[in-house]
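Subject: Structure handover

Hello,

Here is the structure for your files. Please open it alongside this note.

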Amino acid sequence: MEKEKILPLVFKLTVPAVVAQLITFLYNIVDRMYVAKIDDVGMDALAALGIVLPITLIIQAFSNLIGLGGAPRASMKLGENEKAEADKIFNTSFVLLLLTGLIISVATFFSARQIVVLFGCPESAVDFAESYLKIYSAGTVFVLLAQGLNPFITAQGHSLTAMFSVLIGALANIALDPLFIFALDMGVKGASLATVLSQFLSFLWITVFFFSKKSFFKLRIKDMKSNGKRIFAIVSLGFSPFIMTLTECAIQIVFNINLKRSTGGNKDYTAALTIMLSALQLISLPLNGLGYGMQPFVSYNYGKGNADRLKQGVKCVTVIAFIFAAVMWSASMAFPQAYSFLFSASESVRIIVKKYSPLFLMGSIMFFVQMTLQNVNVALGRAKSALFLAVLRKVIILIPLCFALTRFLGFKGVYLSEGIADFAAGIITAAVLFSTFPKVFRKREQEVKEHEENNFVTE
């Protein structure tokens with residue numbers, strides 16, 4: 001982290017993280033791809049999974065709150081040579097993930113039907129959505145632990161191990177989906193069961209790692225006792241990625257409600273939205289991976305006060321992120337219909353996807369800032385700035401815009417609002433981050449120098 005050449009190190013840290021995010025994308029869409037092939041009810045099943053998606057994002061938001069809040073804090077403590085405190089942060093995060101998972105599991109299981117109806121599910125898809133969610137909720141603890149503990153593997157520089165934890169679950173899901181959905185004739189229930197079992201396998205892999213000699217962090221009961229200050233430090237830093245994920249959930253609920261109202265509950269428009277959101281994930285998740293992969297580097301060198309190294313590392317990852325975003329944006333604008341073929345969409349759904357995907361995805365070119373550099377901002381410990389920028393895109397711009405445009409343009413406003421909001425928020429975020437990063441780096445460098453000088457005088 002401190003001395004290796006910048007560009008090779010950037011690739012070493014980020015490539016496994018990007019691959020892990022692409023695997024996560026595959027993990028997320030494989031259920032949708034398979035259920036869309038179910039005879040006679042494929043589009044209803046696809047619409048149902050589109051309704052359940054925001055609920056799974058809520059669970060992911062809590063794993064981000066704790067995992068992406070605790071891991072950078074622990075990494076900073078490693079950079080400051082305070083390993084004991086880093087261990088306590090890790091163990092506190094484990095307890096928080098476990099308790100949160102249990103609470104969400106119980107609450108979701110007993111209110112599954114009410115939730116999917118509230119979130120704008122078309123009537124023809126309610127039973128499918130409810131059955132998926134009930135089974136998924138039973139495995140919420142494993143989902144939360146698997147997603148929330150994985151950043152602590154990346155924080156130690158073991159990006160490949162973190163990638164394999166996702167890969168194991170994804171491969172298991174791909175194998176189990178056709179078995180449960182078609183061979184055992186479980187339908188949508190089988191897709192949910194496959195996902196839960198796959199996350200359980202990921203959780204086992206992660207747990208084994210933390211009991212191995214490779215891990216700095218160890219699960220110890222004595223370190224699980226915490227205090228309010230440590231918990232606040234974790235959740236305050238994790239609040240930005242928590243809000244980012246939670247607002248993704250909120251806007252998808254807003255999309256579904258507005259589509260149901262403007263189309264009379266036509267499942268084709270909800271199914272098309274599910275496909276477009278999958279396309280958005282294909283662009284955003286690898287860019288998230290770039291940011292996640294850089295977090296150990298950024299947090300460690302921020303702890304050391306190494307401004308020049310921070311500047312070089314952030315510059316490299318920004319260029320890489322922009323190139324990826326530009327390539328994916330260009331392909332999406334030129335061939336929007338390609339996404340519908342992934343899901344074996346009906347002809348009516350395919351027409352909607354081809355016509356409106358360019359509107360929906362037109363602002364995704366700015367995700368190199370919104371996703372990658374936002375995660376770098378979190379790694380610097382800039383909780384307030386990260387929180388504001390997280391809220392800006394979805395809550396301040398997109399949600400009001402979606403309601404306004406849908407009122408005047410009908411369902412077209414739903415698709416158009418995403419593209420406009422992503423582009424506008426990206427411009428604002430870029431202006432804020434590019435103007436503040438150099439000041440933050442230099443300020444921290446000066447703080448570390450003054451601290452070292454004071455310690456030298458004291459000695």
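Predicted model: local features only at pLDDT ≥ 70, side-chain atom pairs only at ≥ 80, totals over all residues.

Residues are numbered from 1 along each chain as its sequence is written, and side-chain values use heavy atoms, with hydrogens and water left out.

**Helix pair**

Helix α10 spans residues 267-304 and helix α11 spans 307-334 (helices are DSSP runs of H or I, at least four residues, numbered from the N terminus). Their axes lie 10 Å apart, at an angle of about 180° (lines fitted to C-alpha atoms over the stretch in contact; angles run from 0 to 180 degrees between N-to-C directions). So α10 is roughly antiparallel to α11 (over 145 degrees). The contact (heavy atoms within 4.5 Å) includes L287 and F297 of α10 and V317 and F324 of α11. It divides into 17 nonpolar, three polar and one charged residue.

**Pockets**

The largest pocket holds about 430 Å³ (an open set of points on a 1 Å grid where a 1.4 Å probe fits, with protein on both sides within 12 Å along at least five of seven lines; lining residues have an atom within 4 Å of a point). Its lining has 19 residues; R73, M76, K77, E80 and A233 lie nearest the centre. Ten are charged, six nonpolar and three polar. Helix α16 gives the largest share, four residues.

The second largest pocket has about 180 Å³. Helix α16 again gives the largest share of the lining, five residues.

Best regards

Conventions: Helix = DSSP H or I, 4+ residues; strand = E, 2+ residues; numbered from the N terminus. Parallel < 35°, antiparallel > 145°, perpendicular 65-115°, else oblique. Nonpolar A, V, L, I, M, F, W, Y, C, P; charged D, E, K, R; others polar. Points joined across faces, edges and corners; volume = space filled by probe spheres on them.
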